[in-house]
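Take a look at the model below. Follow its strands and helices as you read this short report.

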Amino acid sequence: MEHRRIVGIDVSKDRLDVHVLPSQEAFAVSRDATGLVELCRRLGDTVDLVAVEATGGYETLVAATLSDHGMPVVIVNPAQVRAFAQALGQRAKTDPIDASVIARFAEATRPQIRLLPDGAARLLADLMARRRQIVEMIASERQRLYRTEPPRVRKSIERLLKALERELGTIDHDIDGAVRGSPLWRETEDLLASVPGIGSIIARTLLAELPELGRLDHKKIAALAGLAPYTRQSGLWKGKARIGGGRAVVRTALFIGAQVAKRWNPPLKTFYERLIAAGKTKMVATIAVARKLLVILNAILRDRTPWQNA
């Protein structure tokens, strides 16, 4: 029986460098349809784990293609891979070397394989990302308009603002069609939005960016969203626990939801006020509300039961 293999893939704009363990086979293919077909052919069906380093979005198509071919794929954090390389004393850095380090990192750490979004979910994620970009551009242009006096420049900014607002309307229409056109997504959005503090934008961000919601326990989902506190301790010294890592977009959306929930969601408002009375800062208390909000949403999707006031 052929040995199961661990594969590391370093992704660049035009090329994929591949390293296979334990055979030490190394090769490269182009990052296009032809190259991906060749990659799937060469890897075959005896792969135990494929680790693809996150590279500014270039890895998305690669991971999706391999997953669609039934291979267990995980996208790994480049900072963790680089720290692993430094721990090994690997100072040289080329794409083939990086692929080798990624394979060794996957072999040593065996990162957990998580659900990868399908084509529809990837489209929704791209639409939501584009929406965030347009909202940021609108905010920037409004700030410029506020600070600008020359009429000619103000008219230019106003024209651009109108164009951006039209495009935002188009994007919102496309997102609404994608979500409300899917019975499962429509039901899931309604479940999420039943919680006071969660509107359609936050619900759709969670749909697109956190497909694991409702499938993991509360500790794992909090870590995935970057809302799990990590203790810092050495000897007799003990630092403050801090959150970090995870998916920044999800964490930001939940933080915004927590700002609303701590005022208008009765149980979470009580929870927030109790933390403040105990001496916690407003920021720490709000983060705790965001984490509790995530746990509630996770349970709602797990049980497929809408929010009910106690």
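In this report, two residues are in contact when heavy atoms lie within 4.5 Å. The model is predicted. Keep that in mind throughout.

**Helix 8 and its partners**

Start with helix 8 and helix 10 (residues 248-264). On the helix 8 side, Ile202, Thr205, Leu206 and Glu209 make the contact. On the helix 10 side, they meet Val249, Val250, Ala253, Leu254, Ile256 and Gly257. Sorted by class, this contact has seven nonpolar, two polar and one charged residues.

How do the two helices lie against each other? The table gives the packing of this pair, along with that of helix 7 (residues 183-193) and helix 8 (residues 200-209).

| Helix pair | Angle | Axis separation | Handedness of crossing |
|---|---|---|---|
| Helix 7 and helix 8 | about 125 degrees | 9 Å | right-handed |
| Helix 8 and helix 10 | about 155 degrees | 10 Å | left-handed |

Now read the angles. Helix 8 and helix 10 pack at about 155 degrees. Angles over 145 degrees count as roughly antiparallel, so helix 8 is roughly antiparallel to helix 10. Helix 7 and helix 8 pack at an angle of about 125 degrees. That makes helix 7 oblique to helix 8.

Which residues join helix 7 to helix 8? Helix 7 supplies Trp185, Thr188, Glu189 and Leu192. Helix 8 supplies Ser200, Ala203, Arg204, Leu206 and Leu207. By class, the residues of this contact are five nonpolar, two polar and two charged.

**The hairpin**

Strand 2 and strand 3 form a hairpin, with three residues between them.

What is the peptide bond from Leu21 to Pro22, cis or trans? The bond is cis, with omega near 5 degrees. Most peptide bonds are trans. Pro22 sits in the loop between strand 2 and strand 3.

Gln24 is placed in the loop between strand 2 and strand 3. Phi of Gln24 is near 65 degrees, a positive value in a residue other than glycine. Most residues other than glycine have a negative phi.

**Charged pairs**

Side chains of opposite charge can pair when their charged atoms come close. How many salt bridges does a search of the whole structure find? The search finds 16. One example joins the side chains of Arg144 and Glu141, at 2.4 Å from N to O. Both residues, Arg144 and Glu141, belong to helix 5 (residues 119-147). They are three residues apart, about one turn of the helix.

Technical notes: Residues numbered from 1 in each chain as written. Predicted model: local features only at pLDDT ≥ 70, side-chain atom pairs only at ≥ 80, totals over all residues. Heavy atoms only, no water. Axes fitted to C-alpha atoms, helices over the stretch in contact; angles between N-to-C directions. Helix = DSSP H or I, 4+ residues; strand = E, 2+ residues; numbered from the N terminus. Parallel < 35°, antiparallel > 145°, perpendicular 65-115°, else oblique. Left-handed = near helix turned anticlockwise from the far one by under 90°. Nonpolar A, V, L, I, M, F, W, Y, C, P; charged D, E, K, R; others polar. Salt bridge = Lys/Arg side-chain N within 4 Å of Asp/Glu carboxyl O. Pairing = 2+ DSSP bridges.
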